[in-house]
Amino acid sequence: MFHIHVEFDDNEGAPRRDALRDFGFDESFLRDYLAEAELGDAPGRVVEVQRGRCTAVTRGRDGSLSEVEAVVSGRFLHEAESAAELPAVGDWVVLRPSEGGAAQLRSVLPRRSAFARRAAGVAEDRAEAQVLAANVDTAFIVAAAGRDWNPRRVERYVTLAYEAGVEPVLVVTKADLAEDAEGLAAEAAALSPGLASALVCAPEGRGLECLKAWLRPGKTVVLLGSSGAGKSTLLNALAGRELADTGSVRADDERGRHTTTHRELYRLDSGALVIDNPGLREVGIYAGEESLQAAFADIEALAAECRFRDCAHGSEPGCAVRAALESGELDKGRYSGWLKLGREIAHMNAQPGSAEQRARDARWKAINKSMRGYTKERRSIQGRAR
């Protein structure tokens, strides 16, 4: 379950400071909240979304923290232009508390970041986003060593992280399954220029110290990976106690059984905030060309050296990419992954309305700005605060 830690003054028994600060509620979010709040409202952060209902941590009249159940107001549902605008775990929201019943969730504050994928099960001619976590600082991309190791899947997550404006960190779990730990660590570090990575064995606590730099008080980390990658085991190891259920590993394919069923935000004793996610069977890409270029900066740099600007890296003379492939400087699998993701992104952006959708999303940093009357001055303040 969710754990709340509040410091109290020994003399007066009152909170020493705004306890929501421990969950990332800084001056920028406060300004956004005050711009929308009405008498009787309260700020809150969504810590769980399940079957249309939310759980949020909020501040009571006495300043203490509590968890409340909340339902999205009918007006908010009516005004939302897409499912991506509805509350997600990590969102800061405006709540209208209710005596003896569920609070009313009236609006979602502008997001600083949002990790999203292309919604699963959506027709090919539509590009809709599914927000997995909001207001995230770092994405721990959790991938298991052994037979489940998939560099191409990791590259997809890295691309989505850059699209979200979130720092990606590759956490390779189940290090005990690696036949060549040093070789695997080198391969992981080479998956994207500048990508931080760590090889860990969570049950034994090995490698966890490498992650402390991102697990700081008030900072939010999201755990992302396929089912059985070891996210829940990693979460429990970071917390030093069991927060999430874990499953046993099947001997036939080294994969754990699916355990996490919904997204939930936890606060660790260290003060860091961690969002656990169910395993993703499908990592639909929802990103732009700039994010692809950031994730594959090494290939983009090679392409810039080609003799012709429109080089297709086929039979054209002076192709630096093909030369790197032939010399072994560029891995063929990584090159194929770059091409595949590029085709997916081009196809997505070619769909009717996708350009307008992406312009409205604006990298998820605001929700319905025109409806909420945000001025250019306010957006400038928010940008400087970030």
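Biologist: Hi! Which residue forms a salt bridge with Arg96?

Modeller: Hello! In this predicted model, the partner of Arg96 is Glu38, and their closest N and O atoms are 3.4 Å apart.

Biologist: Nice. Where do Arg96 and Glu38 lie?

Modeller: Arg96 is in strand E4 (residues 92-96), while Glu38 is in the loop between helix H1 (27-36) and strand E1 (42-50).

Biologist: Which residues are linked with them in a network of salt bridges?

Modeller: Asp41 and Arg106 are linked with Glu38 and Arg96 in that network.

Biologist: And how many salt bridges does a search of the whole structure find?

Modeller: It finds 16. One of them joins Glu27 to Arg21, with the closest N and O atoms 2.7 Å apart. Glu27 is partly exposed at 41% relative accessibility, and Arg21 is partly exposed at 36%.

Biologist: What about Arg152, which side chain does it meet in a salt bridge?

Modeller: That would be Glu155, at 2.8 Å from N to O. Both residues lie in helix H3, three residues apart, or about one turn of the helix.

Biologist: Is Glu155 buried or exposed?

Modeller: Glu155 is buried, with a relative accessible area of 3%. Arg152, at 28%, counts as partly exposed.

Biologist: Changing topic: which residues touch the most other members of the largest nonpolar core?

Modeller: Phe115, Trp149, Val154, Leu170, Val321 and Leu330 do, in a core of 61 residues. Helix H3 (residues 151-164) supplies the largest share of this core, with six residues.

Biologist: What is Val154 in contact with, leaving aside its neighbours within four places in sequence?

Modeller: Val154 is then in contact with Ile141, Ala143, Trp149, Leu170 and Leu191. There is also a second, separate core of 22 residues, and Val171, Leu234, Leu235 and Tyr266 are among them.

Biologist: Let's zoom out. How many helices and strands are there?

Modeller: The protein has twelve helices and 13 strands. Of its 386 residues, 49% count as buried.

Biologist: Last one: what share of the contacts with a separation of 6 or more comes from residues 24 or more positions apart?

Modeller: Those residues account for 68% of such contacts in the protein.

Key:
Residues numbered from 1 in each chain as written. Predicted model: local features only at pLDDT ≥ 70, side-chain atom pairs only at ≥ 80, totals over all residues. Heavy atoms only, no water. Core = buried A, V, L, I, M, F, W, Y, C linked by side-chain atoms within 4.5 Å. Buried < 20%, exposed > 50% of the residue type's maximum accessible area, 1.4 Å probe, protein only. Helix = DSSP H or I, 4+ residues; strand = E, 2+ residues; numbered from the N terminus. Contact = heavy atoms within 4.5 Å. Salt bridge = Lys/Arg side-chain N within 4 Å of Asp/Glu carboxyl O.
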